[in-house]
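Colleague: I have a few minutes before class. Can you take me through this one?

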Amino acid sequence: MVAPRQRGRRSVPVAPQGGSDDCAMKEKIYASLDAVVADIPDGAQIMFGGFGGAGFPNNLIHALARKGTKNITAISNNCGTREGELGLMFKNNKIKHVIASFPGPHASYFQERFAAKELTLELVPQGILCERMRAAGAGLQGFYTTVGVGTEVAEGKEERLLEGERCILELPIRADYALIKAQQADELGNLTYRLAARNFNPIMAMAAKTTIAEVEEIVPVGTIDPEHVMTPAIFVHRIVQAKGLRYAG
């Protein structure tokens, strides 16, 4: 049996030396931002967490910009604020297609690229954007909704009459990578978020093949109360500690 470590009133199992948990910790924690994005290829489909200025993985975005990954399909609620958030990627012309709900009035570099027809845009209602990603994480093949019926949103989509109402079929949105921002991670990758920074990040973590989280702090396993875990470690593949880079718009 594994001896418990006492933490106040809670008993936390200690992973045996060289055990699977120990290996998982070593594999998930990266020493640098550049290392954690080093294998993201050109043409990747990437989700970027955040809503406005809250919860954007700014450090990971800058690392991706340094790497020079291009022809990205970006899934994000909004398209940057000037040079902040995703603005840097649009400025460098690294994004070829965007799936978003609110490009935003200050997304100046996105607007320039879009006007020049250097990228394409799929505009998705915000709640539907969330639900399409949630469907991917839940293993669903789609869902019917009344949202968007009779508008440009419905073009090319299957329509059915359900309970007397016209509905369109929305398909899941999946990604190769999700770049997200969290407040705290334990060594296995269980995450907590700070206030509004929670937004799209937990949903995106579930919908990507590889989820990469930049966090303010990495703590030992057992430090985070299980009731406070917002994204379970099973959805998180890489974590890197990153402080200091924020953008208020």
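Colleague: How many of the 10 residues of helix α3 (residues 58–67) are buried?

Modeller: Seven of them are buried, so α3 is largely enclosed by the rest of the structure. Buried means under 20% relative accessible area, exposed means over 50%, and partly exposed lies in between (1.4 Å probe, protein chains only). Helices (H or I, at least four residues) and strands (E, at least two) are DSSP runs, numbered from the N terminus.

Colleague: What kind of model is this?

Modeller: This is a predicted model: local features need pLDDT of at least 70, side-chain atom pairs count only at pLDDT 80 or more, and totals for chains, interfaces and linings use all residues. Residues are numbered from 1 along each chain as its sequence is written, and side-chain values use heavy atoms, with hydrogens and water left out.

Colleague: Back to α3. Which residues are buried there?

Modeller: They are Asn-58, Asn-59, Leu-60, Ile-61, Ala-63, Leu-64 and Ala-65. Just after the helix, Gly-68 has a positive phi of about 90°.

Colleague: Which residues touch the most other members of the largest nonpolar core?

Modeller: Ile-40, Ile-46, Leu-64, Leu-86 and Phe-90 do, in a core of 32 residues. A nonpolar core is a set of buried Ala, Val, Leu, Ile, Met, Phe, Trp, Tyr and Cys residues joined through side-chain atoms within 4.5 Å. Elements giving two or more residues to this core include α2 (33–36), β3 (45–48), β4 (72–75) and β10 (175–186). Helix α3 gives the most, with five residues.

Colleague: And what is Ile-46 in contact with?

Modeller: Beyond its neighbours within four places in sequence, Ile-46 is in contact (heavy atoms within 4.5 Å) with several residues, among them Ile-40, Leu-64, Ile-72 and Tyr-177. There is also a second, separate core of 27 residues, which includes Val-124, Leu-129, Ala-175 and Tyr-193.

Colleague: New topic. How many aromatic pairs are there?

Modeller: Three. Rings of Phe, Tyr and Trp (its six-membered ring) pair if their centres lie within 6.5 Å; planes under 30 degrees apart count as stacked, over 60 as edge-to-face and the rest as tilted. Phe-90 and Phe-110 make an edge-to-face pair, 5.5 Å centre to centre with 75° between the planes. Phe-90 lies in helix α4 (residues 87–91) and Phe-110 in helix α5 (residues 108–115), so the pair ties together parts that are 20 residues apart in sequence.

Colleague: Are those two buried or exposed?

Modeller: Phe-90 is buried at a relative accessible area of 1%, and Phe-110 is buried at 5%. Phe-110 also pairs with Phe-114; that pair is stacked, 5.6 Å centre to centre with 15° between the planes. Phe-114 is partly exposed, at 39% relative accessibility. Ring pairs link Phe-90, Phe-110 and Phe-114 into a cluster.

Colleague: Now the sheet of three strands. What is its order?

Modeller: The order is β7-β9-β8 in an open sheet, with antiparallel pairing. Two strands pair if DSSP finds at least two bridges between them. The edge strands, β7 (143–145) and β8, each pair on one side only. Four bridges join β8 (residues 159–162) to β9 (residues 165–170), and three join β7 to β9.
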